[in-house]
Amino acid sequence: MTATTPKPTSATPAFCEGIQYFSETVPGFETYGKAPAIAQGSKSIADPADPAAVFQTMLAADALRYLTLQVTASKASGHPGGFASQAEAYAALVMLGHKNIVTEVGHHAPGFYSAMFLDRSLEDMEIVNVQQVRDKFREKDGLLGHLSGFIPGLLAPAGPLGQGQHFAMSGALLHRDKLFAFTMGDGGMGEPYPMSSMGHFHTAYPSVTNFLPVLVWNGYSQEHHSMVSTKTNAEMIAYWQGNGFEEIILVDAKEFDDGSQAGDYIDSTAFSLEQRMAFTKAVLQGVDKAAKSALGGKLTVFIIKQLKGAGVHALGAKSHNLYPKDTLDAPHIISALKERALTVEAWQLVRTNAERAGGGPAAKTVVTEFELPLADLGELPLEEFAVGGEAKVSTTAMGRLVGKVGERDRTFIVTNADGNEASGIANINQALKIIHPTTDDLYNQGPNGQVYEPLSEDACAGLAVGLCLFGARSLWCSYESFAINGLPIWQTVTQAMAELRRPTPATVTLFTAGALEQGRNGWTHQRPEIEAYFAAMMRNGNVFPLFPPDANSIQACYDWALTAKNKGIVITASKSPLPIRTTFAQTRQGLEDGAIVLQEIAGSKKVVFAVIGDMSLIPVFEAAASLEKSGIGSRIVSIINPRRLYRPTDVAWDTCSEADGGFLSDDKFAEMFGGDALVGVIGGASGMLEPVMLRSNCPRDTFAWKRGETTASAGQLMAFNGLTAEALTKRAIALVD
């Protein structure tokens with residue numbers, strides 16, 4: 001085909017404004033492009049073997065390649081190569097009416113944006129033509145460099161590898177009648193998480209197979225050959241079979257090559273028209289078979305094997321990323337765009353099919369564009385224990401409520417990798433049962449349970465947060481020490497929630513077995529540094545770490561979390577019996593103000609103890625008693641919701657959807673934390689105390705975690721870290737003197 005610089009005419013559709021090159025002809029168009037393959041009123045093509053449907057799928061793939069390259073080159077930035085190598089597979093999914101598509105490859109973003117433009121989803125962002133796509137690509141309030149929930153029609157964010165399957169499985173679990181395809185690259189497959197998480201999910205939910213991995217096997221990763229590039233087709237099929245997949249459909253471009261291309265990975269866009277259509281037909285029919293298989297009860301994967309960069313400016317890893325030299329004026333970019341250029345009529349045909357597919361633009365049809373109806377939880381049966389009465393285990397008190405939530409909301413899932421019983425929440429297992437194909441009452445397990453227990457924090461966090469992103473309730477439980485392994489996807493989703501265009505239940509976690517309880521287990525189980533992670537994230541605006549001081553407080557915290565929208569809520573509590581120090585009313589006030597006063601003793605001077613945690617209160621109360629003997633007064637403040645203690649200007653709260661602008665006023669802060677000296681105390685990372693230390697003007701110091709060690713008791717471990725009544729008393733006296 002020949003391509004020319006376009007001359008605007010009245011016949012050129014408005015959406016084409018900004019297209020750099022049009023072709024004068026498209027071979028085969030007169031034969032196969034007479035009418036849209038997706039008929040008016042239909043949601044998909046009628047027959048994947050129909051030559052017109054095949055041809056128009058090929059056109060759609062070329063349109064996606066063209067837009068992906070032109071949009072990225074307009075900023076000389078972005079990633080066109082990976083998406084280009086699977087353009088036929090994506091086009092096939094759309095032509096078959098499937099638009100609930102996610103990815104674990106953030107670098108596919110420009111291709112996904114191109115697809116959302118073609119089906120008119122981006123019109124919800126007032127992007128109506130190609131020039132505007134170019135202008136807003138990788139710009140603030142535009143089309144982010146990697147996928148985001150901010151973009152209409154896109155179901156989930158994508159950045160770190162190995163996450164996309166969680167979103168697809170979450171969607172499949174909630175919507176059994178729809179296909180949730182997700183693209184994954186050779187590099188992503190090399191992560192340990194996708195295969196293991198899909199394997200556990202399939203064991204737990206054998207009938208939920210309506211998620212479809214689409215492996216983009218293109219031979220290259222970001223900067224070199226992929227680690228699976230040396231596998232034969234038979235070895236790749238065996239790999240997936242070995243991971244429990246019953247149906248493996250592999251379409252290899254090399255089998256259709258009529259140009260003697262070298263190597264195992266080749267470019268189908270260099271084939272003759274006849275062989276391009278043969279390859280596209282194989283992809284279209286393969287995707288159709290894979291979709292029906294997945295929807296029909298078989299664990300299925302579709303694999304497209306085609307050279308990275310097929311049809312764009314470069315091949316292999318060199319196609320992955322654009323650099324400053326890769327501008328729209330560069331000869332190699334111009335050449336590639338002209339090679340992929342379509343006629344005006346072809347563009348219109350592609351757009352018509354795209355907007356009809358699936359029943360309309362993705363922004364109007366995919367499941368995440370709507371709020372998921374949720375069961376009414378009613379009023380939870382909170383049990384208020386007497387202050388000063390018998391010591392209680394906080395996690396157990398919360399666990400009873402979790403069981404009630406699951407009984408009232410059957411879509412509710414609890415995830416845990418290390419065992420609920422070990423965290424004092426065996427009552428969750430008793431009420432909701434661990435999901436397992438083997439029924440065994442002794443272990444509270446059965447196939448219809450609601451407690452999901454893979455031995456992977458990534459899989460735990462992934463399903464839990466994926467369900468929240470898709471609109472359902474969940475709870476991720478973990479030992480504080482090990483939760484770090486699941487935090488990347490928790491962070492991805494919580495960040496996405498900050499920009500979602502719809503409300504969705506908050507992601508809620510319960511982190512137990514804190515470092516101070518894990519003396520004999522040693523430093524491998526003593527990693528409260530995770531709290532520094534959340535401390536940093538508090539400034540995002542929608543992250544709320546909660547530290548209930550007792551079994552009453554944790555119930556009020558969880559009750560509050562269940563009503564929250566678009567937040568990431570982290571509840572950290574001990575599994576040891578501890579004194580009851582608060583009422584429900586106090587915690588509810590603490591959730592609003594950030595903290596509550598537990599005790600105040602008069603004296604010649606006033607030392608304020610700002611305390612985060614439950615066990616960390618023990619030496620503080622001892623220190624207060626010791627100070628009283630010296631005539632020094634004290635105030636013990638329990639910080640429950642430290643995010644409230646920042647100043648509004650410290651936090652990006654006003655940039656969040658479902659914005660929460662609640663912060664403690666300066667007057668109330670002075671009333672609560674003002675004194676002659678301030679001592680911050682935490683059994684974890686000192687960064688969590690930053691909001692108080694920023695605002696306090698009196699002499700102050702911090703007592704916090706330093707490192708782990710094997711000890712016989714919590715007291716010994718606190719002493720090893722300097723968290724003793726003696727040390728607190730000595731420092732407090734020094735500060736007031």
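Analyst: Happy to! In this predicted model, helix α20 (residues 551-561) and helix α21 (residues 584-593) have axes that come within 8 Å and cross at roughly 50°. Axes here are lines fitted to C-alpha atoms, for helices over the stretch in contact, with angles running from 0 to 180 degrees between N-to-C directions. Helices are DSSP runs (H or I, at least four residues), strands are E runs of at least two, and both are numbered from the N terminus. The angle makes α20 oblique to α21, since under 35 degrees counts as roughly parallel, over 145 as roughly antiparallel, 65 to 115 as roughly perpendicular and the rest as oblique. The crossing of α20 and α21 is right-handed (the near helix is turned clockwise from the far one by less than a right angle).

Which residues touch? From α20 come N552, S553, Q555, A556, C557, D559 and W560, meeting F584, T587, R588, L591 and E592 of α21; contact means heavy atoms within 4.5 Å. By class, that contact has five nonpolar, four polar and three charged residues (Ala, Val, Leu, Ile, Met, Phe, Trp, Tyr, Cys and Pro are nonpolar, Asp, Glu, Lys and Arg charged, the others, Gly among them, polar).

Stepping back, the protein has 26 helices and 22 strands, and its C-alpha atoms fill a box of roughly 95 × 55 × 45 Å along the principal axes.

Residues are numbered from 1 along each chain as its sequence is written. Because the model is predicted, local features need pLDDT of at least 70 and side-chain atom pairs 80 or more, while totals for chains, interfaces and linings use all residues, and side-chain values use heavy atoms, leaving out hydrogens and water.
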